[in-house]
Amino acid sequence: MSLEASTTTDGERVYVDRRRTERGATGPFYVVFADEAGRDRWGFACGHCGSLDTAMDTMGRIQCTACGNQRKPDEWDAAHE
């Protein structure tokens, strides 16, 4: 597995896998790991602005807090709004 090293704003070393993506509205979200071996999943990196400041809710929605790029939830209907 070939991972790209990156550093969070807190100085934490994380590893981005640009081959594993989730579709976002304005760009993909890349899977990020806490370890170089890719065993401990850390979160996501925004492919639109490059930010590691992303959040996922219990429905599977991913949102970049820097640019607003968003992935819709896994299950969605009007009752969830």
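**Notebook: salt bridges and strands**

I began with R19, which counts as exposed at 57% relative accessibility, and I kept in mind that I was working with a predicted model. I then looked for its charged partner and found that R19 forms a salt bridge with D17, with the closest N and O atoms 3.5 Å apart. D17, by contrast, is buried, with a relative accessible area of 1%, where buried means under 20% and exposed means over 50%.

How many salt bridges does the structure hold? I noted four salt bridges, and I followed up another two of them.

I turned to R71, which forms a salt bridge with E22, the closest N and O atoms being 3.4 Å apart. Because R71 lies in strand β7 and E22 in strand β2, this pair ties together parts that are 49 residues apart in sequence. R71 counts as buried at 12% relative accessibility, while E22 counts as partly exposed at 27%.

I also looked up D57 and R61, whose side chains meet in a salt bridge at 2.5 Å, N to O; D57 is partly exposed at 28% relative accessible area, and R61 is partly exposed at 24%.

Next I went to the strands, where β1 (residues 4-7) and β2 (residues 13-22) pair in the antiparallel sense over four bridges, with T7 standing opposite R13 in β2. Five residues lie between β1 and β2 in this hairpin, and G11 in the turn has a positive phi of about 85°.

Last, I traced an open sheet of three strands in the order β5-β6-β7, with antiparallel pairing. β5 (54-56) and β7 (70-71) each have a single partner strand, so one side of each is left without a neighbour in the sheet.

Methods: Residues are numbered from 1 along each chain as its sequence is written. This is a predicted model: local features need pLDDT of at least 70, side-chain atom pairs count only at pLDDT 80 or more; totals for chains, interfaces and linings use all residues. Side-chain values use heavy atoms; hydrogens and water are left out. Two strands pair if DSSP finds at least two bridges between them. Helices (H or I, at least four residues) and strands (E, at least two) are DSSP runs, numbered from the N terminus. Buried means under 20% relative accessible area, exposed over 50%, partly exposed in between (1.4 Å probe, protein chains only).
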